Protein chains: 2
Amino acid sequence: MRRSASVRVTRARWPKLTTGTLGDQVYLALRDRIIAGRHAPGEFLREIELANALGVSRTPVREAFARLAREGFVERLARRGYRVPAEPVSGLLELYPIVASLEVLAAELALPQVDARLLADLRAINRRMEASVERHEGPTGIALNHEFHRALSSRCGNKRLCELLDELRSQVLRLEYWSADQAPHAEEAVRQHDELVEALERGEYDAALRLLRQNRLQTYFAFVAEVGAVPAT
Amino acid sequence: MRRSASVRVTRARWPKLTTGTLGDQVYLALRDRIIAGRHAPGEFLREIELANALGVSRTPVREAFARLAREGFVERLARRGYRVPAEPVSGLLELYPIVASLEVLAAELALPQVDARLLADLRAINRRMEASVERHEGPTGIALNHEFHRALSSRCGNKRLCELLDELRSQVLRLEYWSADQAPHAEEAVRQHDELVEALERGEYDAALRLLRQNRLQTYFAFVAEVGAVPAT
DNA sequence: TGGCTGTATTTTGTATACAATAATAGATTA
DNA sequence: TAATCTATTATTGTATACAAAATACAGCCA
């Protein structure tokens, strides 16, 4: 009971829960905080603490944890609790090839759906990314890089693929936020994005796919070079 | 209360729960039943019923449902309950390309790890698949087809990729059990598997990858042709 | 007779109480 | 003084009680 003061303070730092089931809301709130790096890797998250902070019971918090654990945002230690995992290096090393493969597939499927509006969106996102990179606003550039690829692959017409990519990208996002100061090989990426859009405009689909593959592979190798790891491929 | 008789009967048909957390055990038991087709598509699954049948409370059953829903084995209808989804056609149509892409990636990564033991395993699995197809033991052939591809891709060295593929394959498995009488283009697949193993033995990696891609694409197109759907690619 | 509304029932969503277990700190002994 | 054993405590795992909401059915009215 004498905790009420600190609980109130903590509570103010959390977004209010509004719609949907409580479990979903807790999941979203917690995931955003973890992605944004507001919980240090290795930090333990306690059900009761979060429940108090959010003004809900342990049940929805547990549901959120179960989901977050399955998606890799927290680790579940049997009978010990949940903690934000460290090891972003191996995580990115494993995720990058998966995301790259699926994005190439999504792009192949999306090619027939490319239209003027999508191209305009892609250009706009890339201009924002360019500006962000120039100003060295690290995290913004990382997010915009993902937004660019999301805009393209979301046209693939395969709902399942879109959902899977969204989930994987959000995991990459967290690891990049934590391990990198800015988007991977940012300036180069902006240029490659422009080339990709131009190829799409000219209807040169093979070239576009090649550029996408190259862009994603370079993200991977740039990271590998940075951390000094041995590439698996 | 007068339901007790039917509950007791149902209970006898369920496997006993042994190790791990109850939530995990319920998840596994229920998933296996759904994959095996023991619950008709469209059938509603009630928390209390399952809890009674398994001799546990609703809490672990809820955890299992949450997981199954995220993985596509059940649908969650807000405030209505959970049901086994119908629509295997669109599900397979969306899953096949995803699995194919990731398996090609996994195979690329696994190539350096190929050794005599793996090749022997692959041959053995394919012989069993051949026998199963000859005897028209439908479901067994479907499972063995997955086992063959799993044996290869599990050598990729990317844990994350392995887990993702396992999850996706188990979903494909359910849909194939329900929508097909036997492995997709079974005889042809057995032959292609043999060719693939032979290429691996000769160290012709490019040829092996080409054969794998072809095998998976044909699975997809054979299904498309069977259901008369319009292929997305 | 057909459609609508209100109520009862069923089922999920949430909260809380209880059980089990692993970490921790303290005491005791060599 | 250090190490080990024990008791306490903190935290998850599970069960159950309670709340909310959606459906189905019956009764009523047009």
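**Sheet, DNA-facing surfaces and chain contact in the predicted model**

In chain B, three strands form an open sheet in the order β1-β3-β2, with antiparallel pairing; strands count as paired if DSSP finds at least two bridges between them. Each of the edge strands, β1 (44-45) and β2 (75-77) of chain B, pairs on one side only. The antiparallel pairing of β1(B) with β3(B) extends over 2 bridges, and Leu45(B) has Tyr82(B) as its bridge partner in β3(B). Elements are DSSP runs numbered from the N terminus, namely helices (H or I, at least four residues) and strands (E, at least two).

The model is predicted, so that local features need pLDDT of at least 70 and side-chain atom pairs count only at pLDDT 80 or more, whereas totals for chains, interfaces and linings use all residues. Residues are numbered from 1 along each chain as its sequence is written, while chains are lettered from A and ligands numbered from 1 in the order in which they are written.

DNA strand C is surrounded by 17 residues, of which Leu22(A), Val56(A), Ser57(A), Thr59(A) and Gly81(B) are the closest; a residue is near a molecule or strand if its C-beta atom, placed from the backbone, lies within 6 Å of it. At least two residues of this surface are supplied by each of α2 (22-35) and α4 (58-70) of chain A and α3 (47-54) and β3 (81-83) of chain B. The largest share, 3 residues, comes from α4(A). By class, the surface near DNA strand C comprises 6 nonpolar, 5 polar and 6 charged residues. Here Ala, Val, Leu, Ile, Met, Phe, Trp, Tyr, Cys and Pro count as nonpolar, Asp, Glu, Lys and Arg as charged, and the others, Gly among them, as polar.

Around DNA strand D lie 16 residues, with Gly81(A), Thr21(B), Leu22(B), Ser57(B) and Thr59(B) coming nearest. Two or more residues of this surface are given by α3 (47-54) of chain A and by α2 (22-35) and α4 (58-70) of chain B. The largest share of the surface near DNA strand D is that of α4(B), with 3 residues. Its residues divide into 5 nonpolar, 5 polar and 6 charged.

The contact between the chains takes 21 residues from chain B and 21 residues from chain A, two residues being in contact if their C-beta atoms, placed from the backbone, lie within 7 Å. On the side of chain B that touches chain A, the elements giving two or more residues are α4, α5 (88-110) and α8 (159-179) of chain B. The most is given by α5(B), with 9 residues. This side of chain B consists of 10 nonpolar, 4 polar and 7 charged residues.
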